[in-house]
Amino acid sequence: MSELIKEIMTQKTVLNIGFDDTDSPKGMCTTFLAYKVVNLLKKQKIEFLDFPKLIRFNPNIPWKTRGNGAVSIRIKTSNPSKIKHQIKNLVSKYSDTKNGANPGLVFFESESIPFEFTKFSNLALWQLINRDSAKKFAQKNNLEYFYKGNGQGLVGAIGAIGYSFHDHTLELLSYRKKQKFGKERKISINSVKEMQEKTYPDTFNSFDTKKGRVLITPHGPDPVFFGIRGENVDSLVYASKLLKSKEKLDGYMIFKSNQGTGDHLKNELTAETMKPYASGKLTGIVSNSPKIVKGGHVFFKILSNNNEFWCAVYKPTGMFVVASNLIQGDKISVGGGVRKASKNFPRVINLEFIEIISLKNQIKTSNPICKKCNKKMKSKGKGQRFQCIRCGKKSLKKITEKISRPLHRQFYLPKVSAHRHLTRPQQRFGITNKSNNFKNSRPWFCVYDN
C-alpha cells in the first residue's frame with residue numbers, strides 16, 4: 001500500500017493542548033513541562049502546526065508564580081487518545097503539587113478556535129478570573145480537561161488555547177540538567193553584554209547597562225538556565241551561541257509569546273472595571289499635587305471621565321522623578337495594575353508607564369526688578385506698590401515668569417530591570433511582528449548530545 005493511500009486512510013486530527021500552573025515557588029516550570037512534552041511528541045508521527053505558545057496573562061494575580069505564563073501546543077495526529085494519555089502522565093510527573101502547584105490541562109480537537117475561547121483569553125489578560133468560571137467554561141464547551149489541587153491552572157490552559165496574536169515575540173528558553181536544579185547559575189556577564197550589543201534590536205531586555213545586571217537568568221530553583229527574548233528565530237539561536245557558561249545544558253526550545261507586547265494594558269479602566277488586581281490604562285488630568293512618601297514613592301490622583309483615581313509610582317521603577325514633577329492640569333495617560341484598598345489609600349493603580357500628552361505651564365510670580373539698579377523691589381504693604389530701596393523707583397505689580405519643566409511630551413517607562421514580562425520595551429514601539437516562519441525556520445527545538 002502506497003504512503004499516499006495510507007495517509008488518506010489515516011484520518012488526522014488537529015489537537016490543541018493547553019496547560020498551566022504546574023510550578024511552585026520551590027520548583028518546576030510550565031515551560032519545562034512543554035519542553036518534555038515536545039521531546040516526547042517529536043519521537044512520534046505527529047505534525048507540529050506552530051511554535052509552542054507561551055502566553056503571559058494578567059501579571060497582578062496575587063497567587064501567580066513568577067511570570068503567570070501558560071502554554072499551548074497545536075499538533076496534527078492520527079492517534080489523539082494516545083497523545084492525551086501520554087501528556088496527562090507528563091503533567092502529573094512534572095507538576096510540583098506537593099509545594100502548591102494547581103495544574104490544569106485542557107484538550108480541544110478542532111482546526112479552528114471559536115471566538116468564545118478568544119474572549120475568555122482576552123479577559124484573562126487583564127482581569128481576575130475565578131477557577132470555577134474556567135470549570136464551567138470547560139463543561140459548557142464539552143472540553144476534555146484534567147486538574148489537580150483547586151484547578152486554578154484551567155484558567156491559563158483555556159486562555160493559552162484561545163489566545164489570538166496581533167503581535168508577537170519569540171523566546172528561546174534553555175534548560176538545565178536535573179542535577180543542576182536549584183544550584184547557582186553561573187554565566188559570563190561580559191558575554192551577555194556582548195550578546196545584547198551584537199543582536200540589538202532583534203533581541204531585547206537581556207542586560208541592564210546602567211546597573212550592570214544580567215536579565216536573562218532567573219533566580220529561583222526552576223529548570224530554566226536562561227531565556228532570550230527577541231523578534232526571530234535566527235537572532236535567538238545566534239544570541240544563544242554568544243553566551244558563555246561552564247555549565248553543560250540539556251537543550252532549548254523556542255516559544256511564540258505575547259511578551260513585550262503590552263497586551264495586558266490595552267483595556268480602558270473605568271470606575272466599574274477598577275477592581276482589585278485588574279490591569280489596564282486610562283487618560284485624564286492630574287488633579288492634585290503629587291505626594292512623596294517614605295521610601296521615595298509617589299502618589300497622585302488623575303481625573304478621568306468625572307472619576308478620580310489614585311496612582312502610585314514606586315522608587316525602584318525609576319519613574320518617581322517623572323511622577324514627582326507632575327502638576328495639576330497636566331494631561332497624561334497611565335497604565336498599570338490595580339492594588340486593593342488599604343487603610344491609607346483606596347484602590348490604587350501601580351503604574352507601569354506614564355505618557356505625557358500635554359503639560360500645563362508652571363508660572364512663578366515674584367517682586368519686580370528695578371531696571372536701573374537691577375535689584376528686586378520691596379513691597380510697601382498689602383495692596384500697595386513695590387519700591388526700589390536704592391533709587392526709590394516704583395512699580396504697580398509683581399512679575400510672572402514661566403518655569404522650565406524637566407518633563408516632555410513622551411512615553412516614560414520603568415528602567416529595564418523593572419520591566420514586567422509583558423512590558424513593551426522602547427525599541428518595540430511602532431513594531432508589530434506578524435511574520436510566522438515556523439515551517440521554514442531554523443531548529444526551534446534541540447536536545448543537546450550528552
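Buried means under 20% relative accessible area, exposed means over 50%, and partly exposed is in between (1.4 Å probe, protein chains only). These views show a predicted model, where local features need pLDDT of at least 70, side-chain atom pairs count only at pLDDT 80 or more, and totals for chains, interfaces and linings use all residues. Residues are numbered from 1 along each chain as its sequence is written, and side-chain values use heavy atoms, with hydrogens and water left out.

**View A. Here is the pair Asp 96 and Lys 98.** Their side chains meet in a salt bridge, 3.6 Å from N to O. (That term means a side-chain nitrogen of Lys or Arg within 4 Å of a carboxyl oxygen of Asp or Glu.) Asp 96 is buried at 7% relative accessibility, while Lys 98, at 74%, is exposed.

**View B. Asp 222 pairs up with Arg 185.** In this salt bridge, the closest N and O atoms sit 3.7 Å apart. Both partners are tucked away: Asp 222 is buried at 2%, and Arg 185 is buried too, with a relative accessible area of 14%.

**View C. Lys 364 meets Glu 401.** The side chains form a salt bridge of 3.8 Å, N to O. Lys 364 is partly exposed at 41%, and so is Glu 401 at 39%.

View D. Searching the whole structure turns up 16 salt bridges.
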